[in-house]
Amino acid sequence: MPRALLSVSDKSGVVDFARGLAALGWELVSTGGTASALRGAGLAVYDVSDVTGLPEMLDGRVKTLHPAVHGGLLARRDRPEHLAALEEHDIQVIDLVAVNLYPFRETAARAGAEPEEVVEQIDIGGPAMLRSAAKNFAAVTVVVDPADYPSVLATLHDESDDPDFRRRLAEKVFAHTAAYDAAIATWFAAGRGERFPDRLMVSAERAQGLRYGENPDQAAAFYVEQRGRGLDALAQRGGKELSFNNLLDLEGALLATEPFGAEPACAIVKHTTPCGLAIGADARDAYRKALACDPVSAFGSVIAFTVPVDEATAADIANLFVECVVAPSFSAAAVDVLGRKKNLRVLEGSARWGTGALDVKRVRGGFLVQDRPVTEIDTLAWSVPTQREPTDAERLDLLFAWRAVASVKSNAIVLARDGMTVGIGAGQMSRVDAAFVAVHKARTLGHETAGVVLGSDAFFPFRDGIDQAAEAGVRAIIQPGGSVRDAEVVAAADEHGIAMVFTGRRQFRH
């Protein structure tokens, strides 16, 4: 009679799985709560202590760490000496293992969880059994994911000996235990205040296969660190499947709106950089102001809102070709309006970075890791080096411009007025060119530049950028400061009667 060992923390589906095994003539061995659940369902179950000859001990820390278990899992059926050793020590082979692990990650993430409680959720016996069974996949079926129960039962029912199927299950096991150990190592590093541990553990699960990557000749997939977090937490309410570039632009759009919190704001993004960004009285007002910045570039864009979208706003959006719209929520009428555009992807919910999340960028042969950009703004740290102080109205627009320029690719210049961008110069190799592009875009699209404010993601290395801004009619500038030529730059601003604010913090985005 074939023997199965079942020991699961997540008991979803395990009773039906065990019932299916029993119906096929399998002997069931189990531990603790799993055994109780199976007996409660009327199934005959042996305790693992019946196999090992020893009781569970040390508050459950030791249950299955015994040769009677691991010998039964690891013995090669094609080696007579292995089988002879089992017979000598009265060990029976175990042909199937279904194990999932203590909820370490969930416990560690719970607010107020004590270190002792977290440590007790480090599973030892479970990973050991999984790894033993997976190593011997040639003879043992190993199941770590409850979603695989039906396919395993179907394979056993058909009596098909499929080593490729068992190998895929084993692969799943080693990926699962690697991710589990990575979470544990990360928790230990965080516990000693180490932001950048000696070994970085990056573990992710494939959430979605993608048609292609940035270009059609590049294969691609979307991986998530944890299901239901970040972009994976967004619910799609309509439209086609998300593409690689859609996901990148969604991240750019959410980055652009994040500094505005719950204030009504809208970002229109192309190639991860805003082509329009605004705050307003409501979603519709913010959208109209953001679109006005550059309606030409908005074609084929991704749009993000910080507030719910209603029918009127949706009707405005429907007049434009848009790839994706993301918002905290949509009214039923808004979903209906946007749903008439079959290709428009409508995404609802909140996609936040986790507390203490790091920013990871891939380079050849390794990773660059840094803290996430700071979105909180300390205006008390700002200083005014020019003779003229900005007016109250200018200060409001300078605050907006400083928030807006943070999401624009460097070198970045933003022109703003009345809570909206009117010109954006992005991704230029020199700051003076970024300023030129911002002014050129604004004027080309009919925006009056006289009286606008200017936000710069980094300091002005020369006065030429200030002279150019003055020629366009800029009345106030916000920038980090810190150039060796700050005195020259400030003098230029004074010559033109421009008020200038130093924030003391750079906002590069590469």
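Predicted model: local features only at pLDDT ≥ 70, side-chain atom pairs only at ≥ 80, totals over all residues.
**Entry 1: the sheet and α9**
I take angles between N-to-C directions, on a scale from 0 to 180 degrees. I found α9 lying across β1 (3-8), β4 and β5, and running at about 175 degrees to β4.

Next I wanted the strand order. The sheet is open, has 5 strands and reads β3-β2-β1-β4-β5, with parallel pairing. Which strands sit at the edges? I get β3 (46-47) and β5 (141-143), each of which pairs on one side only. I then followed β5 to its partner: strand β4, residues 96-100, pairs with β5 in the parallel sense over 3 bridges. In that pairing I noted Leu96 opposite Thr141 of β5.

**Entry 2: α8 on α10**
I moved on to a helix pair. Helix α8 (residues 125-135) packs on helix α10 (residues 163-191) at an angle of about 150 degrees, and I have their axes 9 Å apart. The crossing of α8 past α10 is left-handed. Which residues make the contact? From α8 I listed Pro127, Leu130, Arg131, Ala134 and Lys135, and from α10 I listed Ala170, Val173, Phe174 and Thr177. Sorted by class, the residues of this contact come out as 6 nonpolar, 1 polar and 2 charged.

**Entry 3: second largest pocket**
I stayed with α10, as this helix turns up again in the pocket lining. The second largest pocket holds about 1,300 Å³ of space. I counted 32 lining residues, and the closest to the pocket centre are Asp145, Ala175, His176, Ala179 and Glu205. Which elements give two or more residues to the lining? My list has α6 (104-109), α10, β6 (205-210) and β7 (220-224). Of these, α10 brings the largest share of the lining, with 10 residues. By class I have 15 nonpolar, 5 polar and 12 charged residues around this pocket.

I finished with the backbone. Most peptide bonds are trans, and most residues other than glycine have a negative phi. I went looking for exceptions. Where does the chain have a cis bond? I found one from Ser410 to Asn411, with omega near -15 degrees. Asn411 belongs to the loop between α15 (392-405) and β16 (413-417).

Asp90 also went into the notebook: phi is positive there, about 55 degrees, although this residue is not a glycine. I located Asp90 in the loop between α5 (80-88) and β4. That brings me back to β4, the strand that pairs with β5 and that α9 lies across.

Methods:
Residues numbered from 1 in each chain as written. Heavy atoms only, no water. Helix = DSSP H or I, 4+ residues; strand = E, 2+ residues; numbered from the N terminus. Left-handed = near helix turned anticlockwise from the far one by under 90°. Contact = heavy atoms within 4.5 Å. Nonpolar A, V, L, I, M, F, W, Y, C, P; charged D, E, K, R; others polar. 1 Å grid on protein atoms, 1.4 Å probe; cavity = no way out; pocket = protein on both sides within 12 Å on 5 of 7 lines; lining within 4 Å. Points joined across faces, edges and corners; volume = space filled by probe spheres on them. Pairing = 2+ DSSP bridges.
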